[in-house]
Amino acid sequence: MPVRLTGRTTTVDTTTGEVLRTYTSSAEPTGSLLTTCGNRRASRCPACSRLYAADTYHLIRAGLSGGKTVPDTVRTHPRVFATLTAPSFGPIHNRPTAPGGDTRPCRCHQLHGPTDPRTPCWARC
């Protein structure tokens, strides 16, 4: 949820005492300033989660090379990008080919045709 702020602020040059700028929420159409709540979870605040979605790259980069309160020493840590497939999907059928281009049997010991629905689309192409 956006946060509704009301009040005023004045920025003063401490050397000269000159007022550099002032702001008051009463000048806003609703009488308050709407700002982001900062919650990245879409279930809590869809608007803010969309706003902060672009930060994912920077968060991952900081975790790999340091920055944003992450020490630079993380650069020397080992890195792993693991891809896991749930076993509930079962075996994947494919159309392996020999070096000459001939189709070989799948691991299920059958030859699958180019339109066999058991093969995923990337294996049929």
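Strand 2 (residues 8–12) and strand 3 (residues 19–24) pair in the antiparallel sense over five bridges. Pairing here requires that DSSP find at least two bridges between the strands. The model is predicted: local features need pLDDT of at least 70, side-chain atom pairs count only at pLDDT 80 or more, and totals for chains, interfaces and linings use all residues. Residues are numbered from 1 along each chain as its sequence is written, and side-chain values use heavy atoms, with hydrogens and water left out.

Strands 2 and 3 form a hairpin, with six residues between them. Gly17 sits in the turn and has a positive phi of about 80°. Two facing pairs can be named. Thr10 has Thr22 of strand 3 as its bridge partner. Val12 stands opposite Val19, also in strand 3. In a regular strand the side chains alternate between the two faces of the sheet.

The protein chain as a whole has three helices and four strands. Helices (H or I, at least four residues) and strands (E, at least two) are DSSP runs, numbered from the N terminus. Along the sequence the pattern is β-β-β-β-α-α-α. The chain has 125 residues, and buried residues make up 13% of them. Buried means under 20% relative accessible area, exposed means over 50%, and partly exposed lies in between (1.4 Å probe, protein chains only). The chain exposes about 10,400 Å². Carbon and sulfur atoms supply 57% of this area. Accessible areas come from the Shrake-Rupley method with a 1.4 Å probe; for residues, only the protein chains shown count as cover. Among contacts with a separation of 6 or more, 26% come from residues 24 or more positions apart. A contact means heavy atoms within 4.5 Å.

Arg4 lies in strand 1 (residues 3–5). Arg4 counts as exposed because its relative accessibility is 55%. Its side chain makes a polar contact of 3.3 Å with the side chain of Ser32. A polar contact is a pair of N or O atoms within 3.5 Å; within protein, one must be able to donate a hydrogen and the other to accept it, and residues adjacent in sequence count only if both atoms are side-chain atoms. Leaving aside neighbours within four places in sequence, Arg4 is in contact with Thr30, Ser32, Leu33 and Leu34. Arg4 and Leu33 are 29 residues apart in sequence, yet 5.7 Å apart in space, C-alpha to C-alpha.

Leu33 belongs to strand 4 (residues 33–35). At 33% relative accessibility, Leu33 counts as partly exposed. Together with Val3 and Leu5, Leu33 forms a nonpolar patch on the surface. The three residues have about 200 Å² of accessible area together. Patches are made of residues with over 30% relative accessible area and no salt bridge; like charges are joined within 9 Å, and nonpolar side chains (Val, Leu, Ile, Met, Phe, Trp, Tyr) within 5 Å. A salt bridge is a side-chain nitrogen of Lys or Arg within 4 Å of a carboxyl oxygen of Asp or Glu.

His112 is found in the loop between helix 2 (56–65) and helix 3 (121–124). Its relative accessible area is 3%, so His112 is buried. Asp116 is found in the loop between helix 2 and helix 3. Asp116 counts as buried, at 11% relative accessibility. A polar contact of 2.8 Å joins the side chains of Asp116 and His112. Leaving aside neighbours within four places in sequence, His112 is in contact with His93, Asn94, Arg95, Cys106, Arg118 and Thr119.
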